[in-house]
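Please examine the sequence and the three-dimensional model shown below. The paragraphs that follow lead through selected parts of the fold.

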Amino acid sequence: MEAAMAKGLRSRSSGLKPIETKRKASIEEYDVVNVKDEPLSPMARLFHDTRFDVHVITLMAGKTQISLQPMKEKLVHTLLKHPRFTSLMVVDEENLTDMKWVQTKVDLDQHIIIPEVDESQLESPDKFVEDYVYNLSKTSLDRTKPLWDIHFLNVKTHNAECVGVFRIHHSLGDGTSLISLLLACTRQTADEHKLPTIPTKKRRPAPSGYSTKNGPCRLLGAFCLFIRMLVNTVVDVFMFIITIAFLKDTKTPISVVPGSESTKARRMVHRIISLDDLKFVKNAMNVTINDVALGLTQAGLSKYLNRRYAVGGKDKGATERNNNLPKGIRLRSCLIFNLRSSAGIEDLADMMEKGSKGKRGWGNWFGFVLLPFKIALRDNPFDYVKEAKATADRKKKSFEALITLTMAQIIIKFLGIKVATELSLRGFSNATICFSNLVGPQEEIGFCGYPLSYFAPSAYGQPNALMISMQSYIDKMIIVVSVDENAIPDPQQLLDDFEDSLNLIKNAVIERGLVKNMK
């Protein structure tokens, strides 16, 4: 393979070769484009370690069946205009840590897969799609081609006429950038010339007693906030360092099972709940959608773990005073926090239309944040959201992500990528779960002209046994869990607990008469 690669790139650089893979596809199938190479960012190189080989997967539920030729024509003018999706990842022959993106011509037939499926032989189309994605997660993308592919399954499921499975290697970009790129390839179904619109954060009203005209009070308030952020940062960075060194989460039924650390296959299932229900709780409690999402996640995990701890023993109940949960459970998520000013949907769409590089950076430029989840049963459902809000507000007042990014860059520079990868893996492995919450379009969109009922992003290759992803779309919130079945054999039950927890909180709002305008 190395000889073939050297031959294919001789006109550009005789010192380049592909990363070794088990597949035998030759790089000679691709024509290298004569443009300047671009080195991989230090953070992108982390994802090319075999122990941290993370792939992002997005399920796209289409409202119509897919035709191959129209899809290919659309992709040529959208996705293939982005340099990452037309680039090979190659390594310098003399310096194996020198990784570069080298642009090439792409054969779409090698990236679009439409398997032949006899629907009459399927007992459950939904289970077929689930199993297909599960089997896909056992494989890695071929390094001799640009690191992405799309699988279209023309089977009718409960919520779709066709399902697309978009798979991208995480080294191409962080989750926010990749979802933004996906949305930049879409248009509103009501107007094919309009891009999707994403809700923006509204500025919170100033605290009572605060006046922008009161100079001394404003300066004092800013100084106090700065001191608080410094203190929080010191505490957070200290916790992050000792987590890498030795501090592990409590061993629970959803932790990685000993001996299965090398298992990368993940079962990915999802549940669609009402985004209006989350807004209903948000307005009643004067919190954010993210606070409600974290709250129902804490509640659902607590209910699920309480049931799992009862297996094989006496069931003590499911109340705040009488339950099966051990006291003082430490359960955290290691978040990848995007610090780059990501190119917006408009910027990406303009870049792909004009074939330019865009106004803003692209790639992986992120820090790490440890987000604690309080595992406990509460008789008052509001406590789940209040505790989640307190945790989220505390994390917003910290420079943890920026400092951990700086630490990672220093380690890569002076100790090398292997040491940085090892430390990153320890950070993820010593935490229990991965968690993400992404904001989606407010109106129905179409991907390459095909309207989507919903889309559900997730990932595999992470060392954790559980990843929870939330994605909003129109009036829906899609909850996706990616699980190692050795630890979590019943992911649908976990989704049931999330949905039941939201209903519990919503019903508490109604019972206490806290109903407000849902807009």
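How are H6 and H10 oriented to each other? The axes of helix H6 (residues 215–245) and helix H10 (residues 382–396) cross at roughly 100 degrees and come within 9 Å. H6 and H10 are therefore roughly perpendicular to each other. Angles under 35 degrees count as roughly parallel, over 145 as roughly antiparallel, 65 to 115 as roughly perpendicular and the rest as oblique. The axes are lines fitted to C-alpha atoms, for helices over the stretch in contact, and angles run from 0 to 180 degrees between N-to-C directions.

This is a predicted model, in which local features need pLDDT of at least 70 and side-chain atom pairs count only at pLDDT 80 or more, whereas totals for chains, interfaces and linings use all residues. Residues are numbered from 1 along each chain as its sequence is written, and side-chain values use heavy atoms, with hydrogens and water left out.

The chain has 13 helices and 17 strands; these are DSSP runs numbered from the N terminus, helices (H or I) having at least four residues and strands (E) at least two. Of its 519 residues, 51% count as buried, where buried means under 20% relative accessible area, exposed over 50% and partly exposed in between (1.4 Å probe, protein chains only).

The two helices of the opening question can now be viewed in detail. Where they meet, Met229, Asn232, Val235 and Asp236 in H6 are in contact (heavy atoms within 4.5 Å) with Arg394, Lys395 and Lys396 in H10. By class, this contact has two nonpolar, one polar and four charged residues; Ala, Val, Leu, Ile, Met, Phe, Trp, Tyr, Cys and Pro count as nonpolar, Asp, Glu, Lys and Arg as charged, and the others, Gly among them, as polar. The buried residues of H6 include Met229, Asn232 and Asp236. H6 has 31 residues and reaches 45 Å from its first C-alpha to its last, close to the 45 Å expected; the expected span is 1.5 Å times one less than the number of residues.

H8 is mostly covered, with 16 of its 22 residues buried. Just after H8, Gly312 takes a positive phi of about 80 degrees.

The strands come next. Seven of them form an open sheet of mixed pairing, in the order S6-S7-S8-S3-S15-S14-S9; two strands pair if DSSP finds at least two bridges between them. At the edges are strand S6 (112–113) and strand S9 (186–188), each of which pairs on one side only. Strand S3 (residues 55–62) and S15 run antiparallel and are joined by eight bridges, with Ile57 opposite Ser458 in S15. Helix H4 (residues 125–136) lies across S3, S6, S7, S8 and S15, running at about 160 degrees to S7.

Another antiparallel pair is formed by S4 and strand S5 (residues 99–103), over five bridges. Six of the six residues of strand S4 (residues 87–92) are buried, so S4 is largely enclosed by the rest of the structure.

Finally, Gln462 lies in the loop between strand S15 (450–460) and strand S16 (466–473). Is Gln462 buried or exposed? With a relative accessible area of 4%, Gln462 is buried. Among the residues that Gln462 touches are Val54, Lys264 and Cys434. Gln462 and Lys264 are 198 residues apart in sequence, yet 7.4 Å apart in space, C-alpha to C-alpha.

How values were computed
Lists of a residue's contacts leave out its neighbours within four places in sequence.
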